[in-house]
Amino acid sequence: MLKTVGYMLEDIAAMLRYKSATVYEILEGLAENERFSELTFIKAALKNAEPLTPFGETWEAAVNSSPCSALLKSDLRLLKAIGKNLGKSDCEGQLSILCLEKEELRILTESAENDYSSKAKLYRMLGLLSGAFIVICIF
């Protein structure tokens, strides 16, 4: 899921760099892309977007209303920050902020991969020991 968020950041940066897209154009472009279908908050934000409501509030409400059990609080905090920072400055400023958010995402992704690998070892050993215990109990 975090890798998909990384791809989303790259697409946002490309839309800003080459099209100077508005936040709503970015949101429409992301919603149309099937690559981001697992990020359900994108379509929720597009559906609830209103011209008089600040974009950051719409984005945050969509992230909050589309819970994902795979994401930690720190991951959700990053997602909210992405929406909060979009449209707040000129293109170069937004690209700089996106670069910082990409770095934070890289750190979160590394942490998630380390957590996954350590828990995978634990679960494999737990399965192996459970099987050995059952064999010992039977005989």
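Student: Which residues does Thr4 touch, leaving out those up to four places away in sequence?

Tutor: Thr4 touches Arg35, Phe36, Glu38 and Leu39. Contact means heavy atoms within 4.5 Å. One caution: this is a predicted model, where local features need pLDDT of at least 70, side-chain atom pairs count only at pLDDT 80 or more, and totals for chains, interfaces and linings use all residues. Residues are numbered from 1 along each chain as its sequence is written, and side-chain values use heavy atoms, with hydrogens and water left out.

Student: Why is Thr4 called buried?

Tutor: Buried means under 20% relative accessible area, exposed means over 50%, and partly exposed lies in between (1.4 Å probe, protein chains only). Thr4 has 9% relative accessibility, so Thr4 counts as buried. Thr4 is found in helix H1 (residues 2-19). Helices are DSSP runs (H or I, at least four residues), numbered from the N terminus.

Student: What makes the pair of Tyr24 and Phe55 edge-to-face?

Tutor: Two values describe a pair of aromatic rings: the distance of the centres and the angle of the planes. Rings of Phe, Tyr and Trp (its six-membered ring) pair if their centres lie within 6.5 Å; planes under 30 degrees apart count as stacked, over 60 as edge-to-face and the rest as tilted. The structure holds three aromatic pairs. In Tyr24 and Phe55 the centres are 5.7 Å apart and the planes stand at 90°, so this pair is edge-to-face. Tyr24 lies in helix H2 (residues 23-32) and Phe55 in helix H4 (residues 55-65), so the pair ties together parts 31 residues apart in sequence.

Student: Are Tyr24 and Phe55 buried or partly exposed?

Tutor: Tyr24 has a relative accessible area of 28%, so Tyr24 is partly exposed. Phe55 has 9%, so Phe55 is buried.

Student: Why is the pair of Phe55 and Trp59 called tilted?

Tutor: Their ring centres are 5.8 Å apart and their planes are at 50°, so the pair is tilted. Both residues lie in helix H4, four residues apart, about one turn of the helix. Tyr24, Phe41, Phe55 and Trp59 form one aromatic cluster.

Student: How do you know that the buried residues of H4 are on the same side?

Tutor: Those residues are Phe55, Gly56, Thr58, Trp59, Ala62 and Val63. They cover an arc of only 165° around the axis, so they are on the same side of H4. The arc is that of the directions from the helix axis to the C-beta atoms.

Technical notes
Helices (H or I, at least four residues) and strands (E, at least two) are DSSP runs, numbered from the N terminus.
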